[in-house]
Amino acid sequence: AGNPFSMAGIVPLSAPTERPDEPITSGINQGEGPGTEAMRGLPNQAPTLIDTIKHLAQFDPSGDAELIYRQLLENEPTNSDALHLLGVIAHQTGHHIVAAEMIGRAIEINPNAPSYYSNRALSLHALKQLEAAVASYDRAIALKPDFAEAHYNRGNALKELKQLNAAIDSYDKAILLKADY
């Protein structure tokens, strides 16, 4: 099978200019703007490339983040963060099977990331694979016991499984960890 992350047919984001010796930003006011606003939320320490892409993706409704993650995977096929985040995008766009598979591949590469398990569980939950979702939430919680969101979402899955006492226990833990749940 071919590379599922192939960039063949993708038009590059740069284009030739009339004056190749002139910077692309020539004549553009480079003061405050959305790019500056987007960069404000980054941590004070030097962020990794994946941190920067993940942060900027919040300000990019165009879908360019997906292309960037795919390009990153073309260069680094075992980048678990890029696989995970592509899975998150797949989940957010309703492609839950693809999401669960991509995040599962990220977990194979890095089995110690609680957010991977929690996000895979969201996709499994959407697919009504509730027992598998609970197991994935359980793994996220085992790795990060104070993961309030995982406790809360575990409660949602347990409620659908009609395991109401266990659901209440999960909700209680989420509230203890984060009062606004």
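1. At 55% relative accessibility, K128 counts as exposed, because the cut-off for that class is over 50%. This value, like the others in this note, comes from a predicted model. K128 sits in the loop that links helix 6 to helix 7 (130-143). Its phi is near 65 degrees, which is a positive value in a residue other than glycine.

2. With 68% relative accessibility, K162 counts as exposed.

3. Now the overall fold. The protein has nine helices and zero strands. Along the sequence the pattern reads α-α-α-α-α-α-α-α-α. Of its 181 residues, 33% count as buried.

4. Two totals describe the chain as a whole. Among contacts with a separation of 6 or more, 42% are between residues 24 or more positions apart. The protein exposes about 11,400 Å², and carbon and sulfur atoms supply 54% of this area.

5. How do helix 5 (residues 96-109) and helix 6 cross? Their axes come within 9 Å and cross at roughly 155 degrees. An angle over 145 degrees counts as roughly antiparallel, so helix 5 and helix 6 are roughly antiparallel to each other. The crossing is left-handed.

6. The contact of helix 5 with helix 6 can be checked residue by residue. Helix 5 contributes H96, A99, A100, I103, G104, A106 and I107. Helix 6 contributes Y116, Y117, N119, R120, S123, L124 and A126. By class, the residues of this contact are nine nonpolar, four polar and one charged.

7. Helix 6 (residues 114-126) also packs with helix 8 (residues 148-160). The angle is about 25 degrees and the axes are 11 Å apart. Since angles under 35 degrees count as roughly parallel, helix 6 is roughly parallel to helix 8. Helix 6 passes helix 8 in a left-handed crossing.

8. Which residues make the contact of helix 6 with helix 8? On helix 6 they are S118, L122 and H125. On helix 8 they are A150, N153, N156, A157 and E160. These residues divide into three nonpolar, four polar and one charged.

9. To sum up the packing of helix 6: this helix is roughly antiparallel to helix 5 and roughly parallel to helix 8.

Methods: Residues numbered from 1 in each chain as written. Predicted model: local features only at pLDDT ≥ 70, side-chain atom pairs only at ≥ 80, totals over all residues. Heavy atoms only, no water. Helix = DSSP H or I, 4+ residues; strand = E, 2+ residues; numbered from the N terminus. Buried < 20%, exposed > 50% of the residue type's maximum accessible area, 1.4 Å probe, protein only. Contact = heavy atoms within 4.5 Å. Areas by Shrake-Rupley, 256 points an atom, 1.4 Å probe, with all protein chains shown as cover. Axes fitted to C-alpha atoms, helices over the stretch in contact; angles between N-to-C directions. Parallel < 35°, antiparallel > 145°, perpendicular 65-115°, else oblique. Left-handed = near helix turned anticlockwise from the far one by under 90°. Nonpolar A, V, L, I, M, F, W, Y, C, P; charged D, E, K, R; others polar.
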